Amino acid sequence: MIVATPTIEPVAPTAPVEPPTTPSVPEYGNAWPIGLNEAAAVVAELWDDGTFVVDGAGDALAFESADEVPWLADGVANDIKRVVFADAVEPTSLAHWFEGCANLEEVANVPAGAKDLTRLFFDCPKLMELPDDFAIADDTKVDELFGFKEAPAEPIETVYRGTDENVLAYNWDADARILVNPDAPASDPEDDPSAVDPDADTIEPDPADDEQAPASDETEDVAGSLDGDDSTLGADPDAESAKDASTEPDDAANSVDEQADAQVNITIPSSVSMMLGQDDPNSATIPVMVANRSERAVAVTGARLKRADMDLPGGSWSLTTEGGATTFVSDARFTPLGLEVAFDRPVILAAGDTGTQLTWHGTFTDYGMKTLLNAVLAAGDAGFTYGSMIWIVSAA
């Protein structure tokens, strides 16, 4: 994602502006300086939307119990919904940091160098997905990392798509959780002897059934990560030529085959330019041009933008047609975790659509985003890259 400066050139400062070596503590509530050697070197902030940001650089204070954690002691545990750490923050201990945060749902990242994760996410029932890069060092303390005071009636399925062996080997049963990877390929019962019941009766297939049963295909929704290039998604148009010409499928099978032949061929840029508002510095627009060269209509039903190389605070965003006549989603949240949103109404692209202009409209309400934008303008930077947006696409 590219942030572009307004067309009006900012006035150059008369003296060079030196960036602060440590973040300043915001002059409002819900900010706690927790740097180990210098308090303001690491600052924890709780934004109004429930995002908990740990900014700065270096080590942070360690806590022996939840009572010592300042934000928990201040009674805001239930206000924390998502967590993100700046890349330069390197706490030795994260013990008890989010213990009892009953509404915590998202975690963008966990510093890999922490050697004590005791009760880090203890009593967090809504936390059901971990970042892909989450890892546990060999000598790290992990007592009751994801546990509960009172175990839930059913174990909580916790999604983890990473490959860290210590995470996979963690005693999830003791914490009343089950680790799952929805992207892992399902095992084929034919390849898994344990899935075959040796006592089950063997039913021999009737050869006549094979002669009468018509061939069938499965259709799927398609989703892709489009990096600004054309992306062709769908079935192989030559696949049907390999079928037996003597087969006479029924009307329903013909319909399925025709859909399989029609490729979904659309273009949506994943790298977009963020244009800062000239009247209001806390607003921006992101123009997106989409095209559909398929032989059938397609629907764009959502978007995902995951955290990449840098922390990008956000605000409230809506996606509309160019003139704003139609709104597809009214309050998407670009947070430090990125974005994941299902549209309120799909963007329908007609077959052969050569180009439809969409526009994201954003309003920055978070302290961190305002600070970031001011720093970008003051430094005269042309922009920065965030990550690739994934658009969710299906046959209409």
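The largest cavity of this predicted model has a volume of about 40 Å³, where a cavity is a set of points, on a 1 Å grid over the protein atoms alone, at which a 1.4 Å probe fits but cannot get out. Grid points are joined across faces, edges and corners, and the volume is the space filled by probe spheres set on them. The structure holds 1 cavity of 30 Å³ or more. Its lining, meaning residues with an atom within 4 Å of a point, consists of V110, P111, A112, A114, L117, F134, A135, I136 and A137.

F134 leads from the cavity lining to the largest nonpolar core. Such a core is a set of buried Ala, Val, Leu, Ile, Met, Phe, Trp, Tyr and Cys residues joined through side-chain atoms within 4.5 Å; buried means under 20% relative accessible area, exposed over 50%, and partly exposed in between, for a 1.4 Å probe and protein chains only. The core has 42 residues, of which F52, W71, W97, F98, L104, F121 and F134 touch the most other members. Two or more residues each come from β3 (42-46), β4, α1 and β5 (82-85), with β3 giving the largest share, 3 residues. These elements are DSSP runs numbered from the N terminus: helices (H or I) of at least four residues and strands (E) of at least two. Another core, of 27 residues, lies apart from this one and includes A303, F343, V347 and M389. In soluble globular proteins, nonpolar side chains tend to be buried together.

Leaving aside residues up to four places away in sequence, W71 touches W32, I34, A44, F52, F63, V76, A77, I80, W97 and F98, contact being heavy atoms within 4.5 Å. The C-alpha atoms of W71 and N30 are 7.5 Å apart, although 41 residues separate the two along the chain.

The aromatic residues may be considered next. A search of the whole structure finds 16 aromatic pairs, a pair being rings of Phe, Tyr or Trp (its six-membered ring) with centres within 6.5 Å; planes under 30 degrees apart count as stacked, over 60 as edge-to-face and the rest as tilted. The ring centres of F52 and W71 are 4.9 Å apart and the planes stand at 55 degrees, so this pair is tilted. It links distant parts of the chain, with F52 in strand β4 (residues 51-56) and W71 in helix α1 (residues 70-73), 19 residues apart. Both F52 and W71 are buried. One aromatic cluster is formed by W32, F52, F63, W71, F85, W97, F98, F121, F134, F146, Y170 and W172.

Two loop residues have positive phi values without being glycine. H96, in the loop between β5 and β6 (106-107), has a phi of about 75 degrees; because its relative accessibility is 11%, H96 counts as buried. R119, in the loop between β6 and β7 (156-159), has a phi near 50 degrees and is partly exposed, with a relative accessible area of 23%. R119 also lies over the face of F122, at 3.9 Å from the ring centre; the criterion is NZ of Lys or CZ of Arg within 6 Å of the ring centre and within 35 degrees of the ring normal.

Residues are numbered from 1 along each chain as its sequence is written, and side-chain values use heavy atoms, with hydrogens and water left out. In this predicted model, local features need pLDDT of at least 70 and side-chain atom pairs count only at pLDDT 80 or more, whereas totals for chains, interfaces and linings use all residues.

Definitions and conventions
On a 1 Å grid over the protein atoms alone, a cavity is a set of points where a 1.4 Å probe fits but cannot get out, and a pocket is an open set with protein on both sides within 12 Å along at least five of seven lines; lining residues have an atom within 4 Å of a point.
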